Amino acid sequence: PVAAAGHYIKDSDLIADGNNRYLLYTTNETTGETDNAIAVSKGTFEEGEGKGWKYGEGKIVLSGSLGKWDENIGSASLVKGEFALGESNYSWLMAYCATKEASERQYNIGLAVAEAPDGEWTKISETPLVAFDADVYGATSMGCYAPSLVNLDKSGNIRLFYTYADAYGHFAKFVDFDASDLGAIELSGEVQCPNNGQISGGDSVNMFPNADFAYDSAAKKFYTVKDYSPAAATKPNYAERIQLLNIEEKEFYTAEVGEGWKGLRTWDFSDTDDGAWERIYGACIVCDAYGQIDGSKALEIVYNVCELEMDNENWEFTQNLKTFHYNPVA
C-alpha cells in the first residue's frame, strides 16, 4: 500500500497467517500532521495478471492516550498465540513503544491484545511493561523502542526484543515472559544481545539500532535486520542502509564471547529502484504469525524510504514501504 497525500507509512511489521497477510505500521491520524497511530492493513494473494499480495485500506487500531505515558505512540509488533486477560481469551498480542514526551524521546514499551489483527485492541495496563528511567539514563535518550515479538513455542512463551538507547548508544536487548495470563506477567531479567561479529557500522562500538527479529526454530538461529549506524548527517537523520544478519541461539545464553552475528546481506541506495532512495531504514523480516521463519528459504525484507528535506520540505509525508528479497542459496 501507498500512503495517501499528507500521510506516511513507516515502521512496519508484516506477518503471514494462512492465506492472509497483516501489515502493521505507523501512520498519522490527521492529514498533514505527525500524530502517530498504529494501523493494520489486511493482504490477500490474487492470481492472474499482475498477481501478488493486494492490501486493503488501512485501519487505525491503536492510538495514544492523552496525558498518559503512551500519549505519543511509535512503532509496534504483532504475534499470534494463546493469551488471557481477566476472563477473556485473545489470539493476538501487540507490543508498542510510546512516550509522554512530545519530543519523542524516553520511549517505553506496552502491550495490547485483540481477537483479530484488524479487530478491536485493548491495552493491558495503565503502565508500561518495559520502562526507561530517564532520570538515570538521560532525558534526551530514545529509551526503549522498536519492539519485536517472537512466540517461541507458538502458545504463550514470548520473547520481546527491543532497541535500548541511552547516552552511550543503541543496543539490542530482550526479555522473556509467559503471556498466557497477561494479568500476572513476570519478566525475566533483561539480556543484551551480542554486538560482535560481522556487523556493518561506522561507530567506534557496534550499534544495533531499530532492529527487527525472527526465529528459525529448526536451525536454532535468530535473524535480524537492522539500521546502519551512524545515521545520515543531513535531514532526515535516518539510516542510509540496512543489514540482514543471523546468530546461533546458544550465544544468547552464555557470557562467553562467541562468533557473534553473521552478516548475510547489506542493502543501500544502489539497490533501490534506479538508485532513487538515499534513505533506507526501519526494515522488518516477513514472518509467520508467530514471528518465526525458515531460514533455508528465501526471505522478504520490507523497508522504509523517504525523500530528503533538501528536495522536499514535507519529506515526512513521503515515507513509504518497499521490499527486498534475500536468497540464502545465491
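1. Strand 16 and strand 17 (residues 262–268) are paired in the antiparallel sense over six bridges. Strands here are DSSP runs (E, at least two residues) numbered from the N terminus, and two of them pair if DSSP finds at least two bridges between them. Within this pairing, Ile-242 stands opposite Trp-267 of strand 17. The structure is a predicted model, in which local features need pLDDT of at least 70, side-chain atom pairs count only at pLDDT 80 or more, and totals for chains, interfaces and linings use all residues. Residues are numbered from 1 along each chain as its sequence is written, and side-chain values use heavy atoms, with hydrogens and water left out.

2. Strand 16 also pairs with strand 15: the two run antiparallel and are joined by seven bridges. Asn-246 in strand 16 is the bridge partner of Tyr-223. Six of the eight residues of strand 16 are buried, so this strand is largely enclosed by the rest of the structure. Buried means under 20% relative accessible area, exposed over 50%, and partly exposed in between (1.4 Å probe, protein chains only).

3. The loop between strand 15 (221–227) and strand 16 (241–248) holds Pro-230. The peptide bond from Ser-229 to Pro-230 is cis, with omega near 10°.

4. Asn-210 has a positive phi, near 55°, although the residue is not glycine. Its place is the loop between strand 13 (191–192) and strand 14 (212–216), and Asn-210 is buried, at a relative accessible area of 15%.

5. Lys-220, another residue other than glycine, has a positive phi near 55°. Lys-220 belongs to the loop between strand 14 and strand 15. With a relative accessible area of 45%, Lys-220 is partly exposed.

6. Glu-82, Asp-153, Asp-178 and Asp-181 form a negative surface patch. Patch residues have over 30% relative accessible area and no salt bridge, with like charges joined within 9 Å; a salt bridge is a side-chain nitrogen of Lys or Arg within 4 Å of a carboxyl oxygen of Asp or Glu. Asp and Glu count as negative, and the place of their charge is taken as CG of Asp or CD of Glu. Accessible areas come from the Shrake-Rupley method with a 1.4 Å probe. Asp-178 lies in strand 12 (residues 169–178) and is partly exposed, with a relative accessible area of 46%.

How values were computed. Helix = DSSP H or I, 4+ residues; strand = E, 2+ residues; numbered from the N terminus. Patch = residues over 30% accessible without salt bridge, like charges linked within 9 Å, V, L, I, M, F, W, Y side chains within 5 Å.
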